[in-house]
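Dear colleague,

I am handing over the structure we spoke about, and below it you will find a short account of what was found. Please keep the structure open beside the text as you read.

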Amino acid sequence: MDNINNIPAEKFRFSQRNDLYHDSKFETKPVSYFQGAFRRFRKNKGAVVGGVVIAVLVLFAILAPFFTPFTPAYYDMVYAYVTPKTNLFANSSIDFWDGCRNKETNKIGYLKDLALALETGREVIKDGEYTVSEDGSTYSYRYDTYYGVGFGKYKIISPEEFNDIQRYQNETGRQVLYPVVKVADRPTLEKNKYDANIYYKVENPNVATLRPKLDANGEIIPNYWKYEAGDTNSLIAEYNSLRIEGENGIEEDGKQYFYAYGRRVDGGIEVRAEYYEYYIYQHNEVKKDGIEEPLFLFGTTQTGKDIFACLAYGARFSFIFATVVAIANFIVGVIWGSISGYFGGKIDLFMERFAEILGAIPTIIVITLLKYHMGTASQVLVLFIAFFLTGWIGMAGRTRMQFYRFKNQEYVLAARTLGARDVRIMFKHIFPNGLGTIVTSFALVIPGMIYSETSFTYLGIINLEAGNTTSVGTLIAAGQQSIMANAGYVALFPCMFLVLMMLSFNLFGNGLRDAFNPSLRGTED
Amino acid sequence: MYMFKYVSKRLGLMLFTFFIIFTMCFVLIKLLPIPTNALPGTDPEIVMKTLEGRGWITNIREGENGVWYYDRVPILIQFGTYIKRILTQGDFGIVTTYGEYLNMNIWQVFVSHLPPTILINIYSTLIGVPIGLGLGILAALKKNKWQDQVINIFIILLISVPSIVLALMIQYVFCFKLGWFPLTMSTSNEYFTWEVFRSMLPAVFALCLGSIAHYARYTRAELSEVLTGEFMLLARTKGLTRGQAIYRHAMRNSMVVIFPSILSEFISVLSGSLIIEKMFGINGVGGLYLNSITFQDYDFFMLLSGFYTLVSLTAGIVIDISYGFIDPRIRMGAK
């Protein structure tokens with residue numbers, strides 16, 4: 001035993017010759033870091049749902065602009081505040097998404113709507129159903145905001161357009177033009193004079209609130225301008241198209257009468273065009289912009305903009321913008337943070353102070369100063385620079401933290417001992433280990449960015465409408481103004497978009513964070 | 001002594017940051033064309049003379065067709081004049097383009113708009129902080145029971161639903177549909193009457209929801225971490241009841257982190273929220289700021305930008321410094 005260091009090799013033998021111990025091979029497949037993260041992520045139901053909702057919203061933002069003929073630049077003041085309508089519900093008896101709203105009015109209001117419905121044959125009052133309060137003062141019914149526009153004001157069109165509409169009427173059989181009322185028979189007050197919806201006789205044409213005159217049966221009496229067949233009046237425009245009184249006119253006291261469909265005035269012909277049909281004619285025959293009929297899926301705003309198109313374009317802008325800014329911030333932040341974190345010392349101190357001062361400038365000041373200096377040329381650029389200028393600081397801070405965490409670990413020291421260069425150590429050895437946390441913050445930064453963009457457009461500091469797009473914030477601001485007009489739906493859809501997006505991004509981001517960093521699980525909520 | 005050094009270092013850094021931002025702002029503003037075009041109804045000569053009197057331009061002379069020529073004063077000299085006037089006379093300039101307050105002293109206009117902003121934020125802090133703390137404590141004490149889960153869902157909803165949407169919902173439901181409150185805040189100056197208070201309530205409500213969620217979440221996380229500490233077990237072993245142990249040991253320890261943020265909240269009441277102020281038509285500093293941006297009233301913009309920057313910097317530094325004062329571990333460790 002005294003010569004224990006010098007035992008000859010041949011004296012050694014295996015204790016169990018037949019039973020060699022081998023390391024058994026793993027029967028499971030190796031799981032990489034990202035595979036593991038993905039598996040943990042899938043288990044988190046909330047995060048998966050969040051991811052799906054985000055995907056749907058992104059798809060909406062990408063695809064919707066291609067499927068709607070409307071654009072943010074489109075507006076039609078006549079169809080301002082029309083309610084959301086879809087063909088799915090428009091003809092059903094469900095009082096939802098049908099382009100109608102509940103209307104409570106007095107008898108005069110009801111009669112006016114009824115008169116419009118009788119003349120055009122449209123359901124201005126949905127299904128013709130209404131309820132009267134017990135004392136008979138209030139009528140309530142579903143009022144169709146599309147048909148309720150009726151004729152709007154008397155419209156003066158050129159003779160060419162007048163003829164073209166007649167051609168269109170003859171070809172399609174759709175009645176656009178209706179008989180006009182003789183000027184002498186119209187109400188006298190400025191307010192009512194040009195109202196093309198009043199085609200009936202009224203009790204007193206000289207008062208502000210007109211009451212329709214009713215005959216013995218309680219029916220409205222039409223007040224059309226009629227002329228005897230063969231009688232030529234230089235004021236009446238020639239008309240050879242659909243007539244609501246029939247091909248042969250009406251017989252009265254043995255004479256044949258026709259209605260006048262247009263009145264010659266300076267600069268054209270004054271007509272009563274039913275706006276719904278006129279709109280279809282305008283967009284299909286004249287503008288040919290792909291709009292087939294007035295049908296606004298999410299309704300329209302105060303200025304008659306289509307909310308669906310605005311929201312789709314706004315969302316598309318928000319997503320693209322946030323992603324681009326986030327990528328720019330990511331690149332700069334990662335480079336800045338890795339240099340600052342890896343080298344430490346004086347460099348770190350200087351870089352930190354610089355970022356600290358830059359980060360202390362409120363974004364609103366940056367945006368305003370940029371806006372002043374760059375004029376109103378490109379608000380998108382202003383927004384981009386402002387968000388980029390201070391946005392990368394957060395990313396740099398997180399990267400710096402990761403570098404501090406890993407830079408003194410043994411494998412990094414080993415790499416350095418083996419002669420790896422700084423850049424290689426930074427981006428080959430340290431960065432991939434911190435990637436999970438950094439990617440997670442990328443996902444959490446996007447909703448924040450969209451929200452601040454929304455805030456600035458809401459506040460009106462940035463206005464994207466000039467650049468033929470719009471923003472969710474602008475829509476929300478319009479929605480807030482519409483509250484007074486009892487048009488809550490204007491704000492509803494942009495708000496829903498914003499809430500859904502924030503909620504799902506939060507769930508998704510938290511799920512990512514938990515998946516990439518299981519030890520952090522649940523500490524922050 | 002250590003604390004003094006720490007505080008003065010932090011304060012110095014803060015003032016340095018503020019000075020840099022303020023200077024940068026001033027220079028960038030002064031690089032813009034001077035708004036010399038007179039508002040309709042004012043004499044261009046008066047406008048020119050005013051600008052000269054402020055020290056922005058010099059050597060004015062009238063050319064043909066009422067066009068005025070002038071030389072610009074170097075920006076550094078302008079900055080010197082500006083700072084000197086602020087320090088010696090407290091004079092931030094007069095309103096030049098913001099129509100409503102034309103030719104009034106900027107500082108006075110600013111001060112007259114402070115009360116609504118401060119009041120609304122103080123009310124919301126006074127309501128929000130106790131409720132938030134209470135909910136957070138309840139959730140931490142009943143961790144993983146139904147109370148905790150309900151509060152948690154509430155918190156996640158409040159945090160995820162943006163304040164812009166929350167405020168709009170409050171305005172729509174309570175002000176418009178139910179008609180309990182006026183749509184916008186009353187413009188009266190009698191801030192302590194019931195009418196004005198009532199008109200402030202929706203804005204207060206909208207503001208405090210955010211801070212409720214924030215404090216509830218924060219308190220829950222802190223307190224539930226402290227509660228698992230071993231010293232809590234020791235306290236119970238010593239014979240303290242659960243209530244005593246929580247009140248004397250857990251609460252105090254968790255407050256070390258929460259209290260500074262309450263302090264900074266009281267500093268931030270000065271600045272408030274631009275979105276809430278716009279939405280509820282509050283006649284406060286936020287509205288002034290937005291309008292000064294729209295009207296391009298540069299002196300006004302300078303004052304308000306400086307103010308907002310200072311408030312946010314102070315709120316940040318209060319957190320840092322109060323940590324040092326409140327936490328005995330930091331205080332003792334320094335000696």
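This is a predicted model: local features need pLDDT of at least 70, side-chain atom pairs count only at pLDDT 80 or more; totals for chains, interfaces and linings use all residues.

On the side of α6(B), the contact is made by B:Ile151, B:Ile155, B:Leu158 and B:Ile159, while α8(B) brings B:Leu209, B:Ile212, B:Ala213, B:Ala216 and B:Arg217. Sorted by class, the residues of this contact are eight nonpolar, no polar and one charged.

The next place to look is a sheet in chain A, in which three strands lie in the order β1-β3-β2, forming an open sheet with antiparallel pairing. Because β1 (100-105) and β2 (131-132) of chain A stand at the edges and have a single partner strand each, one side of each is left without a neighbour in the sheet. β2(A) is joined by two bridges to strand β3 (residues 139-144) of chain A, and the two run antiparallel; here A:Val132 stands opposite A:Tyr139 in β3(A).

Further along chain A, A:Ala260 is found in the loop between β8 (255-259) and β9 (263-265). Is A:Ala260 buried, exposed or partly exposed? A residue counts as buried if 20 or more other C-beta atoms lie within 10 Å of its own and as exposed if 12 or fewer do, so A:Ala260, with 19 other C-beta atoms within 10 Å, is partly exposed. Although A:Ala260 and A:Pro179 are 81 residues apart in sequence, their C-alpha atoms are 5.4 Å apart in space. Leaving aside neighbours within four places in sequence, A:Ala260 is in contact with A:Pro179, A:Val180, A:Trp225, A:Tyr227 and A:Ile236.

Finally, there is the contact between the two chains, which takes 29 residues from chain A and 29 residues from chain B. On the side of chain A that touches chain B, at least two residues each are supplied by α9 (345-359), α10 (363-374), α13 (422-459), α14 (472-482) and α15 (489-516) of chain A, and the largest share, seven residues, comes from α15(A). By class, that side of chain A has 19 nonpolar, eight polar and two charged residues.

With best wishes

Methods:
Residues are numbered from 1 along each chain as its sequence is written. Chains are lettered from A and ligands numbered from 1 in the order in which they are written. Two strands pair if DSSP finds at least two bridges between them. Helices (H or I, at least four residues) and strands (E, at least two) are DSSP runs, numbered from the N terminus. Two residues are in contact if their C-beta atoms, placed from the backbone, lie within 7 Å. Ala, Val, Leu, Ile, Met, Phe, Trp, Tyr, Cys and Pro count as nonpolar, Asp, Glu, Lys and Arg as charged, and the others, Gly among them, as polar.
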